[in-house]
Amino acid sequence: MALREVRIQGDPVLEKKCKVVKEMTPRVRELIEDMYDTMYEENGVGLAAPQVGILKRIVVIDIGEGGITLINPEIIETDGEQTGYEGCLSLPGKSGVVTRPNYVKVRALDENMEEFELEGTELMARALCHECDHLDGHMYTELVEGELYDNEDLPMPQEEDEE
């Protein structure tokens, strides 16, 4: 369909809580298609509606296994912990270390407004948490442990000595 402008950190829309989607309309369907086009064009793994300036509780995610649309997602269960680098299309070229759950279960509506549950681990769990945070006006930078890095300056992980 169309590419939308990705809002950059500092834009007030990224700090607002999004509204619940009550019905699927042609405009909502078009927004979802545009969000996928924009996410793929920007080489992202997830995109939330406020990142394209729309205050609706809609998220699209594709970690390389096909796109998943989540309308009104709600995290209902988490477990474990993972720590790793995280970035965001709303803060291009930057990454920081963030600790997230290693397992996440969400309840959401699909594009037919039918409820479903989705479980994810590792990258999917990270993406679910990251995108759901956007819907409540939060960015990963609030959780960064230490400093933000330019992507080309990321420290390499230290390898443990083998004994």
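## Briefing: sheet, cores and side-chain pairs

Asp 136 counts as partly exposed, at 27% relative accessibility; here buried means under 20% relative accessible area, exposed over 50%, and partly exposed in between, with a 1.4 Å probe and protein chains only. The structure is a predicted model, in which local features need pLDDT of at least 70 and side-chain atom pairs count only at pLDDT 80 or more, while totals for chains, interfaces and linings use all residues. Residues are numbered from 1 along each chain as its sequence is written, and side-chain values use heavy atoms, with hydrogens and water left out. Helices (H or I, at least four residues) and strands (E, at least two) are DSSP runs numbered from the N terminus.

- Strands of a sheet pair through backbone hydrogen bonds, in either a parallel or an antiparallel manner.
- Three strands form an open sheet in the order 4-5-8, and their pairing is antiparallel; two strands are taken to pair if DSSP finds at least two bridges between them.
- Strand 4 (82-87) and strand 8 (149-150) are the edge strands, each pairing on one side only.
- Strand 4 and strand 5 (residues 94-100) run antiparallel and are joined by six bridges.
- Within this pairing, Val 97 of strand 5 stands opposite Tyr 85.
- Helix 2 (residues 122-135) packs on the sheet and touches strand 4 and strand 5, its direction making about 55 degrees with that of strand 4. Axes are lines fitted to C-alpha atoms, for helices over the stretch in contact, and angles run from 0 to 180 degrees between N-to-C directions.
- Gly 87 has Ser 95 of strand 5 as its bridge partner.
- Six residues lie between the strands in the hairpin of strand 4 and strand 5, where Gly 93 takes a positive phi near 80 degrees.
- Strand 5 and strand 8 also run antiparallel, joined by two bridges, and Ser 95 stands opposite Tyr 149 in strand 8.

**Nonpolar cores**

- In soluble globular proteins, nonpolar side chains tend to be buried together.
- The largest nonpolar core has 17 residues, of which Ile 32, Met 35, Leu 47, Ile 58, Val 60 and Ile 71 touch the most other members. Such a core is a set of buried Ala, Val, Leu, Ile, Met, Phe, Trp, Tyr and Cys residues joined through side-chain atoms within 4.5 Å.
- At least two residues of the largest nonpolar core come from each of helix 1 (26-41) and strand 2 (58-61).
- Helix 1 gives the most to this core, six residues.
- Apart from this core lies another of 15 residues, among them Val 104, Val 106, Ala 108 and Leu 128.
- Met 35, leaving aside neighbours within four places in sequence, is in contact with Leu 47, Ala 48, Ala 49, Val 52, Ile 58, Val 59 and Val 60; contact means heavy atoms within 4.5 Å.

**Aromatic pairs**

- Two aromatic pairs are found in the whole structure. Rings of Phe, Tyr and Trp (its six-membered ring) pair if their centres lie within 6.5 Å; planes under 30 degrees apart count as stacked, over 60 as edge-to-face and the rest as tilted.
- Tyr 36 and Tyr 40 have ring centres 6.0 Å apart and planes at 25 degrees, so this pair is stacked.
- These two tyrosines, Tyr 36 and Tyr 40, are separated by about one helical turn because they are four residues apart in helix 1.
- Tyr 36 is buried at 13% relative accessibility, whereas Tyr 40 is partly exposed at 40%.
- Tyr 85 and Tyr 149 form an edge-to-face pair, 6.2 Å from centre to centre and with 75 degrees between the planes.
- This pair links distant parts of the chain, as Tyr 85 in strand 4 and Tyr 149 in strand 8 are 64 residues apart.
- Tyr 85 is partly exposed with a relative accessible area of 34%, and Tyr 149 is partly exposed at 21%.

**Salt bridges**

- The whole structure holds 12 salt bridges, each being a side-chain nitrogen of Lys or Arg within 4 Å of a carboxyl oxygen of Asp or Glu.
- Lys 17 forms a salt bridge with Asp 136, with the closest N and O atoms 3.1 Å apart.
- Lys 17 lies in the segment before helix 1 and Asp 136 in the loop between helix 2 and strand 8, so the pair ties together parts 119 residues apart in sequence.
- Lys 17 is exposed, with a relative accessible area of 60%.
- Arg 126 forms a salt bridge with Glu 86, the closest N and O atoms lying 2.5 Å apart.
- This pair ties together parts 40 residues apart in sequence, because Arg 126 lies in helix 2 and Glu 86 in strand 4.
- Arg 126 is buried at 7% relative accessibility, and Glu 86 is buried at 4%.
- Glu 77, Lys 105, Arg 107, Glu 115 and Glu 117 are linked in a network of salt bridges.
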